[in-house]
Amino acid sequence: MSDLRPTTAPNRPTLLGVSLKLYLDLDRSAAWARGVADVARRHPAVADGRVRLFALPSLPALPAVREALAGTRVELGAQDLSMHDRGAYTGEISGADLAAAGCRLVEVGHVERRLGFGEDEDTVRAKLQAAVRNGLTPVLCVGEHERVSPVDAAAASTAQLASALDGLRASEPAELIVAYEPVWAIGMPDPAPAEHIAEVVAALRHGLDGDRRFASVSVLYGGSAQHGSLSALGGIVDGLFLGRFAHDPAELARIVDEATTPGN
Ligand SMILES: O=C[C@H](O)COP(=O)(O)O
């Protein structure tokens with residue numbers, strides 16, 4: 001079993017990303033973003049950069065969420081993009097257009113797309129390349145599907161990471177955010193145990209050590225992450241990738257407070 005000693009640099013910002021998935025309609029997405037903007041404006045740790053927030057609304061909600069977040073430090077992103085930038089691809093979402101629409105980040109490889117929409121490793125790899133090509137920071141989701149030992153979970157997650165990054169050529173060193181999301185812990189009352197997360201995150205960091213394609217790499221935990229998760233993880237992750245438990249801005253505010261507690 002791996003220990004829970006912090007592996008993040010002491011002065012690195014804590015990164016808190018929230019995906020709204022398809023939970024909120026347009027009005028509720030905009031209201032949520034107004035609440036998050038309020039948290040960002042009044043919380044000193046967000047204003048001074050100790051906590052970095054990003055929001056991934058559904059695509060039609062992007063303009064309203066962008067407007068609500070204007071003037072704050074909350075970064076905007078999308079939940080998916082096409083592997084293609086232009087052409088006869090009906091219904092697809094170009095990374096170039098996401099960037100032009102104000103997105104800084106884009107999620108790639110979430111299990112709900114891998115399983116629900118048949119996105120295989122080749123698709124995930126091509127989408128990751130499209131993100132980097134368009135100057136978007138990929139939030140690459142990896143994680144084992146079944147509850148297995150931490151060693152097996154680490155093997156499955158690092159294999160997904162290596163596959164997604166295979167062949168990537170970054171003209172400029174890019175930023176990469178990896179969200180470790182054990183599939184069995186998504187949509188549950190509680191996150192995965194801290195010792196399990198620690199072992200997989202250590203393996204993911206090892207896999208990324210010295211990768212010169214990236215100017216910065218962050219490893220987040222997602223999967224029923226909530227208030228209390230940062231304290232439980234004691235600095236072994238760079239932050240959290242949140243779903244349901246941050247769909248109330250007041251809960252997100254509590255997690256921001258927790259992020260500024262010494263030791264987290
Ligand atoms: O995208 C976020 C993750 O899948 C986690 O979602 P959840 O916290 O609602 O389980």
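1. Let's start with a pairing in this predicted model. Strand β1 (residues 14–19) and strand β2 (residues 51–56) run parallel and are joined by six bridges.

2. How many residues of β1 are buried? Six of its six, so the strand is mostly covered, where buried means under 20% relative accessible area. In a regular strand, side chains alternate between the two faces of the sheet. In β1 both faces are covered: T14, L16 and V18 are buried on one side, and L15, G17 and S19 are buried on the other.

3. Next, find S29, which sits in helix α1 (residues 26–42). Is S29 buried or exposed? S29 counts as buried because its relative accessibility is 1%. Beyond its neighbours within four places in sequence, S29 is in contact with L20, L24, A61 and V65.

4. Finally, step back to the whole chain, which has ten helices and eight strands. Its radius of gyration is 17 Å, close to the 18 Å that the globule rule gives for 264 residues, so the chain is as compact as a globular protein of that length. Of those 264 residues, 53% count as buried. Among contacts with a separation of 6 or more, 75% are between residues 24 or more positions apart.

Notes. Residues numbered from 1 in each chain as written. Predicted model: local features only at pLDDT ≥ 70, side-chain atom pairs only at ≥ 80, totals over all residues. Heavy atoms only, no water. Buried < 20%, exposed > 50% of the residue type's maximum accessible area, 1.4 Å probe, protein only. Helix = DSSP H or I, 4+ residues; strand = E, 2+ residues; numbered from the N terminus. Pairing = 2+ DSSP bridges. Contact = heavy atoms within 4.5 Å. Rg over C-alpha atoms; globule rule 2.2 N^0.38 Å.
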